[in-house]
Each structure stands twice: as C-alpha cells, then as structure tokens.
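Here are my notes on the model you sent over. Have it open while you read, and go through the points in order.

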Amino acid sequence: MSLIRPEIAHGLSRWFSATWEAVLVAALASLGLWRLLVAITPVGQGVGILLLLLAGLAIVTFRQRARFRRGRGGPGVVQIDEGRISYFGPDGGGFVALNLLSGIDLLDHGRTWWLTQEGGEAVAIPTTASGTQALFDVFASLPGFDMPATLKALEGPQSRRRLIWAKSETGTVHLLN
C-alpha cells in the first residue's frame with residue numbers, strides 16, 4: 001500500500017524523472033551565484049551573471065520537457081535514428097522519415113501522436129510509450145512548430161483529433177487549432 005495517491009505519484013514522476021536536469025540547474029545556479037559574490041572584477045561578475053542566466057534558460061527548457069512527458073509504462077518503444085522515427089509496439093509499429101514528415105496530430109484525447117508522411121503512410125504512437133521524450137527534440141526542430149501551443153494542447157481540454165503541425169507545398173505551416 002502506497003502513502004501517495006497514484007495520480008499524484010504519476011504527476012510527480014513526470015517532473016522528477018530526469019533528476020540530472022535538476023542537478024544541472026542547481027550546479028549552474030550555485031556556480032553563477034558563487035562567482036557573482038566572490039568576483040572582484042566586473043568581468044568575473046559578468047561570468048556569474050551569465051551562468052545565472054544559463055541556469056534560468058535551462059529551467060525554462062526543462063520545464064517544457066517535463067510538460068511534454070505524458071508518463072511511463074505505455075505500450076511500445078520509440079527510437080530516433082538517422083533521420084527516422086521508429087515505433088515498435090505490441091500491436092504493430094512503423095517508421096516515419098523526418099524529411100517526409102507531412103503532419104502531426106494528437107488523437108484519443110491527447111493519448112496518441114499520429115505522424116503522417118508524404119504518401120499517406122502514418123504511425124500512431126502512444127504518448128506514454130518508452131522513448132517518446134525524444135520526440136520533443138524532433139518536434140522542436142521542425143520549422144514553424146510551436147512548442148508552447150503544443151504543450152497547452154497536451155494539457156488542455158482534448159478533442160478526439162487535433163492537428164498540431166502540417167507541411168504545405170509552399171513551406172511549413174503550423175496549424176494548431
């Protein structure tokens with residue numbers, strides 16, 4: 001019997017699953033603060049301020065990554081290798097080439113990524129599958145992809161299907177509804 005309710009434990013695991021991120025931020029902030037306090041010259045103080053700013057940027061990035069994580073223990077495994085997203089699941093799977101990626105949808109009330117590539121082939125990836133945190137970097141690298149809007153869509157009221165991003169003939173267009 002656990003002393004923590006399952007939904008609370010699940011929420012906490014999203015935020016603390018990558019403790020190295022917290023350690024990195026704490027180390028940067030501590031070093032920056034120490035450098036700022038002991039520096040005699042303006043250059044030394046500038047280095048301290050720069051380290052504190054880097055720690056602040058890291059906090060913003062790590063917070064976005066934590067919001068992107070939907071949990072663990074879902075079916076299947078996601079791998080990113082040589083410009084290709086691979087999903088291996090218990091009921092199937094598939095591959096999507098990044099240069100052929102034409103659309104990203106969020107299905108099943110925010111529980112499934114639907115990646116479509118040119119030619120109409122698509123792969124459904126549960127948001128809780130092992131390795132889905134790697135999709136954060138892939139999605140963020142797409143031209144026109146709006147990560148804050150996507151994070152809001154993941155956390156907000158869900159519809160059955162929501163178009164997140166699409167590539168058009170004239171270029172890449174972000175189409176978050």
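1. Start with helix 3 and helix 5: their axes come within 9 Å and cross at roughly 35°. Axes here are lines fitted to C-alpha atoms, for helices over the stretch in contact, with angles running from 0 to 180 degrees between N-to-C directions. The crossing of helix 3 and helix 5 is left-handed, a label used if the near helix is turned anticlockwise from the far one by less than a right angle, with right-handed meaning clockwise. Helix 3 brings Q64, R67 and F68 to the contact, and helix 5 brings M147, P148, L151, K152, L154 and E155. By class that is 5 nonpolar, 1 polar and 3 charged residues. (Nonpolar covers Ala, Val, Leu, Ile, Met, Phe, Trp, Tyr, Cys and Pro; charged covers Asp, Glu, Lys and Arg; the others, Gly among them, are polar.)

2. A word on what you're looking at. This is a predicted model, in which local features need pLDDT of at least 70 and side-chain atom pairs count only at pLDDT 80 or more, while totals for chains, interfaces and linings use all residues. Residues are numbered from 1 along each chain as its sequence is written, and side-chain values use heavy atoms, with hydrogens and water left out.

3. The overall layout: the chain has 5 helices and 8 strands, in the order α-α-α-β-β-β-β-β-β-α-α-β-β. These are DSSP runs numbered from the N terminus, helices being H or I with at least four residues and strands E with at least two. Of the 177 residues, 36% are buried; buried means under 20% relative accessible area, exposed over 50%, and partly exposed in between (1.4 Å probe, protein chains only).

4. How do helix 3 and helix 4 pack? Helix 3 (residues 42-68) meets helix 4 (residues 134-141) at about 115°, with the axes 9 Å apart. That makes the two helices roughly perpendicular, the range for that word being 65 to 115 degrees, against under 35 for roughly parallel, over 145 for roughly antiparallel, and oblique for the rest. This crossing is right-handed. On the helix 3 side you'll find Q64, R65 and F68, facing L135, F136, D137 and F139 of helix 4, where contact means heavy atoms within 4.5 Å.

5. Next, look at the largest nonpolar core, with 25 residues; F68, I104, W113 and F139 have the most contacts inside it. Such a core is a set of buried Ala, Val, Leu, Ile, Met, Phe, Trp, Tyr and Cys residues joined through side-chain atoms within 4.5 Å. Among the elements giving two or more residues to this core are strand 4 (101-107), strand 5 (112-117), helix 4 and helix 5 (147-155). Leaving out residues up to four places away in sequence, F139 touches F68, I104, W113, L115, F145 and M147.

6. Back to helix 5, whose buried residues are M147, A149, T150, L151, A153 and L154. They pack against helix 3, strand 4, strand 5, helix 4 and strand 7.

7. Is T116 buried or exposed? T116 sits in strand 5 and is buried, at 17% relative accessible area. Its contacts, not counting residues up to four places away in sequence, include L100, S102, D105 and E121.

8. From G93 to G76 is 8.2 Å, C-alpha to C-alpha, and 17 residues in sequence.
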